[in-house]
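Good morning, and thank you for making the time.

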Amino acid sequence: MVLYAEAMSMPSIWVFGDQLNRGIGALAEAQPATHRVLFIESAAKIGSRRWHVQRAHFIVASMRKFAAELRAEGFQVDYRFAPTMREGVEAHNNEFNPIEIVATEPNSFSSRQMLAGLGIRTVASNQFLCHPDDYRAFMGTRKSIKMEDFYRWQRKRLDVLMDGDEPIGGRWNFDEENRQPPPKTGHDRWPDPQRYELDQVDRDVLEAVSANCWGVPPIGQWATTRDGARERLTYFVDHLLPMFGEHEDAMLNTNWHLAHSLLSPYLNNGLLLPGEVVAAAHAAFNEGKVPLNSAEGFIRQVIGWREYIWNCYWQWMPEYAGMNALDANRNLPPMFTNASKTSMSCMKSVLEGTYERSYSHHIERLMVLGNFSLIAGINPQQLTSWMWNSYVDAAEWVMVPNVVGMSQYADGGMLATKPYASGGAYIDRMSNHCKGCVYDRKKRTGEDACPFTVLYWDFFLRHQERFVKNPRVARQVRAAQQLQDGDELQQVAAVMLKKLDQGKL
């Protein structure tokens, strides 16, 4: 009885659904003999949004399988189904009376507020390579830091692709080599992504979550165990990383994945850690298996942009999430929930792909969906919510800075130094979407004028007072002001936006 009482009163470690790794935070030093592990599957959280079914399945199935792995290691695991997180904690306390409940710093602002309200002790997270404390120390008294400066600092402090104090190859980035348009032929050159056979846990999860979801059910595209995620990492490094660089920004309606890693879901829920991903890519480069432009381009995404976004989130929340500097108040158009509501080839392709896979790569998100939302004046909070609901790798810390800042310029330039607006010419150069489209990307007026082209110029006319002072886009503003058909273009834009609202564009 004494041993039983001692076991009952051991500390509990609360693991969240995006911290699924034995090496993260509070779980790293825990042992089965000294700690119990708590998971809470909250009905309120699952029912709070209309998630893409592949996203909901990925999160919940990964949690349940990780809990099973900890049980197999010998841990006492309380996997608790509860109406809310708070009620789950109360029920756990009532049943086990732990000495304390400790958690790793959660990855969202609201979760940290919740833990503070519950009086739960947290330990620092090591799930990222740059903790916000380190970031603040790097910032010093500066009000902001450019991503490129942060990236170079990361390269040096982590000793990644460095030759002493200088970058290997004498250059910090290889953007020019990595922004080639898609090849005209050979669209099957990139190996298909791996899959796994769904098991009983997957089927049980789908039965539990599907009622409040949308989209095509999973087919094993997204691994839900650490072993599966590590297999995906090995597969990417061996077969895709060597060809990753040159077409990094390309888009094809005939190949949705190209050479992209598809590893972001596992990085974001903890099945993979950024250090091991970078180490694998770096080792392949050192062994001569991967060219420098590919290794650098991929590593920059992991230690540069991803970590920068993470730290911008913690620097500016919670006010940041509600920013709308351009007063963009158009409701999310019908095409976002039903791709048949548009005849635009590029938008239809990306939206249909999201419905089918809960995924689109970074350029499709930024330069198709985000770009169109920007120039059409769509509400940034509605777009953030849609992306959060839709993507398998979504999280608030990812979506808020990327949408509010990078994509929609709703922060007024805190994150990006210019709005990422472009017309149909960019889509045509970097994709094969324009061929056969009902709209003509070269036309600014007329029934078949390209909405990207029309709304691009209309955007700079609408916001000319703000952006004519921005040296990065002032030239575009002046060009818009000098258009001979500017008045007619704005009339066409007004008609287009009405059609957009009606689901007829």
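In which sense, left-handed or right-handed, does helix 3 pass helix 8? The crossing of these two helices is right-handed; the term means that the near helix is turned clockwise from the far one by less than a right angle, and left-handed means anticlockwise.

Before I go on, a word on the basis of these values. This is a predicted model, in which local features need pLDDT of at least 70 and side-chain atom pairs count only at pLDDT 80 or more, while totals for chains, interfaces and linings use all residues. Residues are numbered from 1 along each chain as its sequence is written, and side-chain values use heavy atoms, with hydrogens and water left out. Helices (H or I, at least four residues) and strands (E, at least two) are DSSP runs, numbered from the N terminus.

Let me stay with helix 3, residues 53-73, and helix 8, residues 200-209. Their axes come within 9 Å and cross at roughly 130°. Axes here are lines fitted to C-alpha atoms, for helices over the stretch in contact, and angles run from 0 to 180 degrees between N-to-C directions. That angle makes helix 3 oblique to helix 8; under 35 degrees counts as roughly parallel, over 145 as roughly antiparallel, 65 to 115 as roughly perpendicular, and the rest as oblique. Where they are in contact, meaning heavy atoms within 4.5 Å, helix 3 contributes V53, A56, H57, V60, A61, R64 and K65, and helix 8 contributes V201, D202, D204, V205, L206, A208 and V209. By class, the contact of helix 3 with helix 8 comprises 9 nonpolar, 1 polar and 4 charged residues. Nonpolar covers Ala, Val, Leu, Ile, Met, Phe, Trp, Tyr, Cys and Pro, charged covers Asp, Glu, Lys and Arg, and polar covers the others, Gly among them.

Helix 3 also leads us to the sheet. Helix 3 lies across strand 2 and strand 3, running at about 155° to strand 3. The sheet is open, with 5 strands in the order 3-2-1-4-5 and parallel pairing; two strands pair if DSSP finds at least two bridges between them. Its edge strands, each pairing on one side only, are strand 3 (76-82) and strand 5 (121-123). On average, neighbouring strands of this sheet are turned by 30° against each other, direction ignored.

Strand 2, residues 36-42, pairs with strand 3 in the parallel sense over 7 bridges. Within strand 3, Q76 is the bridge partner of R36 and F81 that of E41. How many residues of strand 3 are buried? The count is 5 of its 7, and strand 3 is thus described as mostly covered; buried means under 20% relative accessible area, exposed over 50%, and partly exposed in between, with a 1.4 Å probe and protein chains only.

I turn next to helix 11 (residues 274-286) and helix 12 (residues 292-316), whose axes come within 9 Å and cross at roughly 165°. The two are therefore roughly antiparallel, and helix 11 passes helix 12 in a left-handed crossing. Their contact divides into 11 nonpolar, 1 polar and 2 charged residues. Among those taking part are F285 in helix 11 and R306 in helix 12.

Helix 12 also holds R300, which is buried, with a relative accessible area of 12%. Leaving aside residues up to four places away in sequence, R300 touches M147, Y151, N173, F174, D175, N178 and W305. The C-alpha atoms of R300 and Q154, 146 residues apart along the chain, are separated by 9.5 Å.

Finally, some backbone geometry. Most residues other than glycine have a negative phi, and most peptide bonds are trans. Against that background, M317 and P318 are joined by a cis peptide bond, with omega about 5°; P318 is in the loop between helix 12 and helix 13 (345-357). L258, not a glycine, has a positive phi of about 45°. L258 lies in the loop between helix 9 (226-240) and helix 10 (264-269), and is buried, with a relative accessible area of 1%. For Y409, phi is again positive, near 55°. Y409 is in the loop between helix 16 (396-407) and helix 17 (424-430), and is buried at a relative accessible area of 7%.
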